[in-house]
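Subject: Structure for you to look at

Hello,

Here is the structure I promised. Please open it first, then read my notes below.

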Amino acid sequence: MMKSKRKLTLQDEIKNARQKEEMHDVDLVGYDGVRVPAVRFLLGARSEVFRKMLYGEFKEGSSSEVCMPKYSQQVLMKITDYCFGEPLAYEFANREAARTFVQIFDCAHYLGMEGLEDLAIEIVEKYCSGDTKKPLEFLCAIYDEATNNPSAERIKNVVIDHLRLDMSSLKEGVYSLGKKALSEIISDPMVEATEMELFDLILRWLDNVVDSSLGSEDHTEETIIFAKECVESIHLGNIDPTDLAETVSKSGLVSDEMLLKAFQFQAFKAKDMGFGEFKKVRREFVHEKVLVENSGIDTLNGVYICNGTFDGVSKYVKSGKWKDKDVEFTLYRCPIQTKSIKRWYISIVPNNLQPGTDNDIDFYLAPATGKVYELPIEKTWQVAKKNGINPPPKVSCSIFNDVKYCI
């Protein structure tokens with residue numbers, strides 16, 4: 001008896017249509033000039049941006065091509081794969097592939113393909129967890145590309161959460177970091193690394209960059225100046241005196257004045273605490289408290305305790321009363337509008353919701369730099385409309401003894 005032939009599903013039919021050239025009615029063209037064939041209807045069905053381009057009054061509506069000069073053929077092929085219902089499969093084979101993956105996410109964000117963005121995040125999370133059994137050396141390339149791409153903030157946050165806990169990935173991939181990404185990591189107060197490990201990271205990066213720029217004295221000098229700026233974020237007083245006298249002093253990146261201050265700090269610390277603190281990781285020295293004072297809402301003032309992280313930085317909470325109800329005030333940072341702008345807020349965040357939604361009751365806000373290591377201090381706070389009351393608060397943390405790494 002012959003087996004009955006499996007009936008084709010709609011998904012099968014759509015995949016088959018992809019192989020038929022006569023079904024293609026539009027090409028996507030990237031910066032490399034390669035034409036990626038597609039079907040106008042499927043592009044519009046999967047992306048509101050494509051729908052407006054192809055079925056609105058834009059020039060693409062009467063053209064057989066859509067020019068996307070920001071993206072490569074590899075990126076546009078993944079976009080059309082998604083439009084044809086193909087699963088997002090990706091192999092982090094090298095640094096270039098890692099960077100291309102971030103560009104795919106950026107393109108999906110530009111086209112409003114939230115489903116594709118979510119799939120990309122799942123792939124990165126799986127890669128970070130080690131489930132793929134692939135080396136994690138390319139995480140730094142992903143992080144660097146995301147650092148230079150504001151729309152890839154979600155990917156950046158996933159990767160930095162892993163890199164903070166995995167110095168081995170940082171050491172293997174530091175050569176993939178650009179200046180901005182390296183500076184953020186070295187300055188990050190949440191990274192689980194000793195100050196000496198972070199100093200060594202700068203040296204590894206510097207050696208590689210200098211070797212790759214042989215014959216360019218201007219570039220080498222510029223790189224060394226940048227490395228010295230990074231060292232300013234290293235808390236030299238928390239480096240073992242032997243390493244300080246040998247590796248650090250001979251690196252050429254630290255001035256005699258900086259070394260003197262570090263040794264002076266160590267002398268005072270040895271008198272009070274002994275020499276047992278030099279091997280501690282920076283994460284153990286994170287600010288545990290901040291002080292909010294002088295705001296027009298008396299119950300909002302007081303000591304806020306660190307309660308986890310949000311948007312990659314510490315958030316702080318304090319119990320109080322608002323309109324005769326027991327509430328929890330939250331001091332946090334979050335992105336707004338296009339997610340390329342960030343602000344600090346002091347708000348009441350409803351239970352079981354993340355900060356930063358329209359359900360928050362906002363009292364005060366302040367501009368944020370968006371840097372990974374940022375703290376809510378030294379900000380110009382403003383009164384939020386509706387619920388805020390003048391004067392705005394002052395936020396500080398220097399009065400607490402938990403700031404152990406300051407020298």
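F310 has V313 of strand 6 as its bridge partner. This is a predicted model, in which local features need pLDDT of at least 70, side-chain atom pairs count only at pLDDT 80 or more, and totals for chains, interfaces and linings use all residues. Residues are numbered from 1 along each chain as its sequence is written, and side-chain values use heavy atoms, with hydrogens and water left out.

Strand 5 (residues 302-310) and strand 6 (residues 313-322) run antiparallel and are joined by 4 bridges. Helices and strands here are DSSP runs, numbered from the N terminus (helices are H or I, at least four residues; strands are E, at least two). Two strands pair if DSSP finds at least two bridges between them. I305 also faces strand 6, standing opposite V317. The hairpin of strand 5 and strand 6 has 2 residues between the strands, and D311 takes a positive phi near 60° there.

Strand 5 has another antiparallel partner in strand 4 (residues 289-293), again with 4 bridges. There, L291 stands opposite V303 of strand 5.

Axes are lines fitted to C-alpha atoms, for helices over the stretch in contact, and angles run from 0 to 180 degrees between N-to-C directions.

Strand 1 (residues 26-29) pairs with strand 3 in the parallel sense, over 3 bridges. L28 has V66 of strand 3 as its bridge partner. Contact means heavy atoms within 4.5 Å.

The pairing of strand 1 with strand 2 is antiparallel, over 4 bridges. A38 of strand 2 is the bridge partner of V26. The hairpin of strand 1 and strand 2 has 5 residues between the strands, and G33 takes a positive phi near 80° in it.

Side chains alternate along strand 2. V36 and A38 point to one face and are buried. Buried means under 20% relative accessible area, exposed means over 50%, and partly exposed lies in between (1.4 Å probe, protein chains only).

In helix 4, the buried residues are V75, L76, I79, T80, D81, Y82 and C83. G85 follows the helix with a positive phi, near 85°.

**F50**

F50 lies in helix 3 (residues 48-55). Is F50 buried or exposed? F50 counts as buried because its relative accessibility is 0%. Leaving aside neighbours within four places in sequence, F50 is in contact with L28, L43, G44, Y55, V66, M68, I79, L111 and M113. Two of these have come up above: L28 and V66 are bridge partners. I79 is one of the buried residues of helix 4. The C-alpha atoms of F50 and R40 are separated by 8.4 Å, with the two residues 10 apart along the chain.

**A helix pair**

The axes of helix 6 (residues 114-129) and helix 8 (residues 153-163) come within 10 Å and cross at roughly 10°. That makes the two helices roughly parallel. Angles under 35 degrees count as roughly parallel, over 145 as roughly antiparallel, 65 to 115 as roughly perpendicular, and the rest as oblique. Helix 6 contributes E117, D118, I121, V124, E125 and C128 to the contact, and helix 8 contributes R154, I155, V158, V159 and H162.

**The whole chain**

The protein chain has 14 helices and 11 strands. Buried residues make up 48% of its 407 residues. Among contacts between residues at least 6 apart in sequence, 59% join residues at least 24 apart.

Best wishes
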